[in-house]
Amino acid sequence: MWYHLIMTCHNLKKEKSSIIHFFPPVLLLFLFLAGCAGTAGIQNAKLQNTFQNEIATHDKLYRLLDEIQTGLARGDSGTLRRSLTASPKNLLIRKRLREIPFERLQVFLGEPEFDRDQASLVMGLNYLTHTEYYDIRFVLKNGRWKIRDFTKK
């Protein structure tokens, strides 16, 4: 196509009447570039929408983590217990969480690592000189983050 355009421009110098032959390649080039720009705009809009959804989803987890940490600092493990998914293991963990005096502990939450609809982080519980670490794995269910796995390191 470029060769045809260049040859048409070269031949244009020789013949004044061949200006009509110059327009179809230029018109095709213009339509091609306009079509590509329109497609890129649609792709950018989809990408931007996906990015905004991902930010909103991550923000939900950060808010949940803030609620959990604030509650645990007051000695209330309710938010943490309600965040656990319904599994036999998590039902046992729920019962044990009621027994822990969180108001006496320092709670540290690591930075979450996201992988699509899952996330994981490390939580540290510190009492005087003793620290225990837990891996917490979250899953996104129906637009809400739930703790799928809560294991001691």
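This note goes through the predicted model point by point, from its overall make-up to single residues.

1. Basis of the values. The model is predicted, so local features are given only where pLDDT is at least 70 and side-chain atom pairs only at pLDDT 80 or more, while totals for chains, interfaces and linings use all residues. Residues are numbered from 1 along each chain as its sequence is written, and side-chain values use heavy atoms, with hydrogens and water left out.

2. Overall make-up. The protein has four helices and five strands, which follow one another from the N terminus as α-α-α-α-β-β-β-β-β. Helices (H or I, at least four residues) and strands (E, at least two) are taken as DSSP runs and numbered from the N terminus. Of the 153 residues, 27% count as buried, where buried means under 20% relative accessible area, exposed means over 50%, and partly exposed lies in between (1.4 Å probe, protein chains only). Among contacts (heavy atoms within 4.5 Å) with a separation of 6 or more, 36% are between residues 24 or more positions apart.

3. The largest nonpolar core. A nonpolar core is here a set of buried Ala, Val, Leu, Ile, Met, Phe, Trp, Tyr and Cys residues joined through side-chain atoms within 4.5 Å. The largest such core has 22 residues, of which Phe138 and Phe150 touch the most other members. Two or more residues come from each of helix H2 (19-73), helix H4 (88-99), S3, S4 and strand S5 (144-152), and H2 gives the most, with five residues. As a general background, nonpolar side chains tend to be buried together in soluble globular proteins.

4. Surroundings of Phe138. Leaving out residues up to four places away in sequence, Phe138 touches Leu61, Leu64, Leu65, Asp117, Gln118, Ala119, Leu121, Trp145, Lys146, Ile147 and Arg148.

5. The cavity. The structure holds one cavity of 30 Å³ or more, and the largest cavity has a volume of about 30 Å³. On a 1 Å grid over the protein atoms alone, a cavity is a set of points where a 1.4 Å probe fits but cannot get out, and lining residues have an atom within 4 Å of a point; points are joined across faces, edges and corners, and the volume is the space filled by probe spheres set on the points.

6. Salt bridges. There are four salt bridges in the structure, each being a side-chain nitrogen of Lys or Arg within 4 Å of a carboxyl oxygen of Asp or Glu. Arg63 and Asp59 form one of them, at 3.2 Å from N to O; because they are four residues apart in helix H2, about one helical turn separates them. Arg63 is partly exposed at 46% relative accessibility, and Asp59 is partly exposed at 37%. In another, the closest N and O atoms of Asp76 and Arg74 are 3.9 Å apart, with Asp76 partly exposed at 33% and Arg74 exposed at 58%.

7. A salt bridge between strands. Glu132 and Lys152 meet through their side chains at 3.4 Å, N to O, and this pair links distant parts of the chain, with Glu132 in strand S4 and Lys152 in strand S5, 20 residues apart. Glu132 is partly exposed, with a relative accessible area of 22%, whereas Lys152 counts as exposed at 54%.

8. Asn126. This residue is found in strand S3 and is buried, with a relative accessible area of 15%. Apart from neighbours within four places in sequence, Asn126 is in contact with Arg104, Leu105, Gln106, Phe108 and Thr131. The side chains of Asn126 and Thr131 make a polar contact at 3.5 Å; a polar contact is a pair of N or O atoms within 3.5 Å, where within protein one must be able to donate a hydrogen and the other to accept it, and residues adjacent in sequence count only if both atoms are side-chain atoms.

9. Two loop residues with positive phi. Most residues other than glycine have a negative phi. Arg116, in the loop between strand S2 (113-115) and strand S3 (118-127), has a positive phi near 55° and is exposed at 77% relative accessibility. Leu128, in the loop between S3 and strand S4 (130-141), likewise has a positive phi near 55°, and its relative accessible area of 70% makes it exposed.

Terms used:
1 Å grid on protein atoms, 1.4 Å probe; cavity = no way out; pocket = protein on both sides within 12 Å on 5 of 7 lines; lining within 4 Å.
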